[in-house]
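Colleague: I would like to learn how to read a model feature by feature. Can you take me through one?

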Amino acid sequence: GWGFRAQRSGHWALRCDSGPGEAGVDHVAGFVVAPTIRGVKSVWGDHVIRWGQGLVGWSSSAYDGMRSATAAQRMTQGVRPVLAGDALPVRRGVAASTALWGGQTVASLDAGEREVRLEQGVPATWYRDGQHRTESERNRHRMRPVRAALLWHRARADRGWGVATEWGKLPNASPEGIVGVHGYRNFSASRWVGEAAWSAGGWSAVVGAIWTWSSALDVFVRGERHAPRHPASGWGDIRPAGGAVCSWGWERRGERMDQFARWEWNGEHMKLEAQTQFTLRRKERLTLRAQRTENWQLLTEYRMDREAWGVRLWGQIIPQQGSAGGLMWTWQSAPACPRWRVGWSRSHLEPGVLVYRLEPNAQAWQTATMSRRGQRWWMQGTWKWNRHWKCAASASVMHREDLWVLADSGPWQWRGAARGEVRVRLSYAL
């Protein structure tokens, strides 16, 4: 596959992609930030919105799951242009913002095309994998929901509140909508947030708080109640289908040890996560993490960073389900020299058990999925020979030992199936 990307930060961007095994250009994205006219700022193309606590207008982000007490409280962001791949949830259309009635008003129109599986003419499954390699993937039904969102938000140093609404319509269907109010209030040692929303599918609400007990200790709590059906789930968004969730925990920061713990209860199952991070020496850390969703998982990670090199070692155990582990080595002899990253990982997991790790490639950090029994090797290198030109390249090989393809293998031959990938990225900055 191949990809092309050009951009001027904060003004415009364009990208074209063709994934491995896909015919032609299967993804085109970009945006243009228009000049401000009479106080109105507008974005044409791909953008994201993050309003209130996420009940009405919200574009999910990888930062939503950060291990931090502040992650329990979301902050309103009007509109932001984004250059994303076809597997990330973005809004495609036009958005505008302006100061009005003592606050900020934002409007967003989304008319992006989505892929869907229909059952008796009704959307059953929305796809966001961005893959078009097989015949069934290329022949997916395409639908263009039209949705419009509107926000008015007023923020002060110690308080803020706002009103948000979104309405959408599928072809040959009646329009649906949702309306919500949100707010926050800061006190001397605490911060409270809340949001309530109503639609034909029911009402939803979120209440959260964070207390700063001392300079090193934060305690947080968050309660959520979701309607049985959210209108945005019919437009391609992933939304909870009813139920209630309560999460609470604490974060402690110290000179030699940081701790974070979180519990979540949905009325039937409890999710638990606890992490302790030790600072052994300067730029040397040891992380211990235990978490329980459907099964217990235990993770250990050691990281050491030096001026010219660094190393990471990690291991993860899922009792009665298997284990995985790996290492990453980073080396750069001088700031003007190429930087290299080399890594290896191995898994021995039961069928259906997955382990996810972040892995660098030529473009950015990607999520690598480990399953069954196998190994994975990868390498990344970056060169920047002047202030304009930069080149990044990566290569990876995944070997699945549980997929037998050789009837008889010698001592220097692989038993199993292997798959490799090579990426090269060349960029020029003006």
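Modeller: We will go through a sheet, some loops, a surface patch and the salt bridges.

Modeller: Keep in mind that this is a predicted model.

Colleague: Let us begin with the sheet. In what order do the 3 strands of the open sheet lie?

Modeller: First the general idea. Strands of a sheet pair through backbone hydrogen bonds, either parallel or antiparallel. Here the order is E9-E8-E10, and the pairing is antiparallel. The sheet is open.

Colleague: Which strands are the edge strands?

Modeller: Strand E9, residues 122-127, and strand E10, residues 141-143. Each of them pairs on one side only.

Colleague: By how much are neighbouring strands of this sheet turned against each other on average?

Modeller: The average is 50°, with direction ignored.

Colleague: How many bridges join strand E8 to E9?

Modeller: There are 5, and E8 covers residues 114-119. For a landmark, take Val116: Trp126 in E9 stands opposite.

Colleague: Is Arg140 buried or exposed?

Modeller: Apply the cut-off: buried means under 20% relative accessible area. Arg140 has 14%, so it counts as buried.

Colleague: With which side chain does the side chain of Arg140 make a polar contact?

Modeller: With that of Glu115, at 3.1 Å.

Colleague: Next, backbone angles. What should I expect for phi?

Modeller: Most residues other than glycine have a negative phi. Then look for the exceptions. Arg38 has a positive phi of about 55° and is not a glycine. Asn172 is another case, with phi near 60°.

Colleague: Where are Arg38 and Asn172 found?

Modeller: Both cases take us to loops. Arg38 is in the loop between strand E3 (27-37) and strand E4 (40-50). Asn172 is in the loop between strand E12 (159-169) and strand E13 (176-186).

Colleague: Are these residues, Arg38 and Asn172, buried or exposed?

Modeller: The cut-off for exposed is over 50% relative accessible area. Arg38 has 86%, so it is exposed. Asn172 has 82%, so it is exposed too.

Colleague: What about Pro175?

Modeller: Pro175 also sits in the loop between E12 and E13. With a relative accessible area of 53%, Pro175 is exposed. Its C-alpha atom is separated by 20 Å from that of Glu119. Along the chain, Pro175 and Glu119 are 56 residues apart.

Colleague: Take Phe4 as an example. Which strand is it found in?

Modeller: Phe4 is found in strand E1. Its relative accessibility is 45%, so Phe4 counts as partly exposed.

Colleague: Last topic, salt bridges. How many does the count come to?

Modeller: The count comes to 24 salt bridges. One of them joins the side chains of Arg144 and Glu113, at 3.8 Å from N to O. Arg144 lies in the loop between E10 and strand E11 (146-155), and Glu113 in the loop between strand E7 (103-110) and E8, so this pair ties together parts that are 31 residues apart in sequence. Arg144 is partly exposed at 44%, and Glu113 is partly exposed at 43%.

Colleague: Which side chain meets that of Glu273 in a salt bridge?

Modeller: That of Arg262, at 2.8 Å from N to O. Glu273 lies in strand E19, residues 270-281, and Arg262 in strand E18, residues 257-265, so the pair ties together parts 11 residues apart in sequence. At 8%, Glu273 counts as buried, whereas Arg262 at 23% counts as partly exposed.

Colleague: And the salt bridge of Glu421 and Arg423?

Modeller: Their side chains meet at 3.3 Å, N to O. Glu421 counts as partly exposed at 28%, and so does Arg423 at 30%.

Colleague: Which residues do salt bridges that share partners join into one network?

Modeller: Glu113, Glu115, Arg140, Arg142 and Arg144.

Technical notes:
Residues are numbered from 1 along each chain as its sequence is written. This is a predicted model: local features need pLDDT of at least 70, side-chain atom pairs count only at pLDDT 80 or more; totals for chains, interfaces and linings use all residues. Side-chain values use heavy atoms; hydrogens and water are left out. Two strands pair if DSSP finds at least two bridges between them. Helices (H or I, at least four residues) and strands (E, at least two) are DSSP runs, numbered from the N terminus. Axes are lines fitted to C-alpha atoms, for helices over the stretch in contact, and angles run from 0 to 180 degrees between N-to-C directions. Buried means under 20% relative accessible area, exposed over 50%, partly exposed in between (1.4 Å probe, protein chains only). A polar contact is a pair of N or O atoms within 3.5 Å; within protein, one must be able to donate a hydrogen and the other to accept it, and residues adjacent in sequence count only if both atoms are side-chain atoms. A salt bridge is a side-chain nitrogen of Lys or Arg within 4 Å of a carboxyl oxygen of Asp or Glu.
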